[in-house]
Amino acid sequence: MSDLILHHYAGSPFSEKVRLVLGFKGLTWSSVTVPVILPKPDVVALTGGYRRTPFLQVGADIYCDTALMCRVIDRMAPTPPLYPDAAGGMQHVLAQWADTALFWAAIPYTMQPAGLPHIFGGAPPEVLKAFAADRAAMTAGMRRPTTADAAAQLHGYFGWLEQQLADSRLFLLGAAPCIADFSVAQSLWYIRRAPPVTHVLSPFPKLLAWIERVQAFGHGRHETMPSSEAIAAARAAQTTAVVPFDDRQGFARGEEVTVTPTDYAQDPVTGRLHGLTHDEVAIAREDERAGRLVVHFPRIGYQVKKSDTAK
Ligand SMILES: N[C@@H](CCC(=O)N[C@@H](CS)C(=O)NCC(=O)O)C(=O)O
């Protein structure tokens with residue numbers, strides 16, 4: 001069994017981002033398939049309520065959000081670097097743009113009627129209906145672009161990226177890949193799963209050659225693991241992550257807080273503050289089946305709030 005357990009599903013773009021990072025690093029990992037829609041009892045046992053996909057488990061440490069997961073993978077396996085100095089600070093900015101603006105154009109674009117059968121592989125209408133209802137509830141309050149809006153946005157975005165590759169560099173920010181390549185790749189990977197809609201990429205030959213290079217990293221080596229085994233592994237382990245505590249942020253170590261995504265799938269996770277920095281918040285919680293866990297989130301994109309029930 002590998003130390004790294006990725007909880008994911010095949011058709012998830014954010015999971016593909018992490019699978020490609022694992023491939024780039026040449027790592028071996030355990031693969032737990034999670035449900036595509038709620039309910040997700042075995043996910044919630046480990047995360048405490050966070051339902052998004054993927055998440056990473058290292059023993060009793062649970063890492064939510066790919067922004068943090070990628071940093072953890074890079075810390076555990078530093079070579080080749082995922083954040084090369086040569087790619088500078090803009091690699092983070094570009095990755096964040098790709099994980100938000102580009103992603104939210106690529107998803108609605110691909111889910112147009114011509115793309116849907118390829119995404120759902122001939123699943124019966126009830127499955128599509130249940131998926132649509134689940135995602136509508138998860139993104140309540142968000143205004144999603146129409147297919148025409150999304151196609152226009154993608155044309156603009158892909159033009160920017162094509163221009164970036166115009167000097168025949170191999171990767172977006174230089175000769176070596178960096179985090180931005182993997183964040184951008186997930187959206188192109190998703191569109192390319194639906195051949196009738198991939199024509200949006202046709203005017204961008206350098207971008208098409210680039211995505212082939214990124215996808216060639218593959219996914220590393222992985223073995224399937226049932227979720228019950230992942231829960232048992234968490235129960236048998238103790239947290240090993242050391243997260244410093246910055247007491248200038250208005251919280252006390254051990255205080256009960258909730259951590260909630262600020263964009264969508266706003267399910268709060270409650271626990272006692274274990275670590276807090278400008279980059280990360282870690283909370284300790286108990287689960288009946290999984291035992292004592294530490295659940296980690298990035299600081300960007302999450303609200304940390306004193307819990308109403310805190311004493
Ligand atoms: N900011 C999050 C976004 C993750 C995300 O939105 N994942 C999608 C799947 S690609 C999701 O959670 N969909 C709902 C679900 O799987 O339950 C990250 O980087 O991990």
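Me: How many helices and strands does the secondary structure of the protein come to?
Reply: This is a predicted model. Its secondary structure comes to 10 helices and 10 strands.

Me: What radius of gyration does the protein have, and what would a compact globule have?
Reply: With 311 residues, a compact globule would come near 19 Å. The protein has 19 Å, so the two agree. Along its principal axes, the C-alpha trace spans about 60 × 50 × 40 Å. Buried residues make up 37% of the 311 residues.

Me: How do I read the faces of a strand? Which residues of strand 3 lie on each side?
Reply: In a regular strand, side chains alternate between the two faces of the sheet. Now take strand 3, residues 55–58. Phe55 and Gln57 are on one side, Leu56 and Val58 on the other. All four are buried, so both faces are covered, with 20 or more other C-beta atoms within 10 Å of each residue's own.

Me: Which strands pair with strand 3, and in what sense?
Reply: Strand 1, residues 5–8, pairs with strand 3 in the antiparallel sense over three bridges. Here His7 stands opposite Phe55. Strand 4, residues 61–64, also pairs with strand 3 in the antiparallel sense, over four bridges. There Val58 stands opposite Asp61.

Me: What do strand 3 and strand 4 form?
Reply: A hairpin, with two residues between the strands. Gly59 in the turn has a positive phi of about 65 degrees.

Me: Which helices each supply at least two residues of the shell around the ligand?
Reply: Helix 1 (13–24) and helix 3 (66–76). The residues around the ligand include Pro13, Phe14, Thr66 and Ala67. By class, the shell has four nonpolar, three polar and four charged residues.

Technical notes
Residues numbered from 1 in each chain as written. Predicted model: local features only at pLDDT ≥ 70, side-chain atom pairs only at ≥ 80, totals over all residues. Buried ≥ 20, exposed ≤ 12 C-beta atoms within 10 Å, placed from the backbone. Pairing = 2+ DSSP bridges. Near = placed C-beta within 6 Å. Nonpolar A, V, L, I, M, F, W, Y, C, P; charged D, E, K, R; others polar. Rg over C-alpha atoms; globule rule 2.2 N^0.38 Å.
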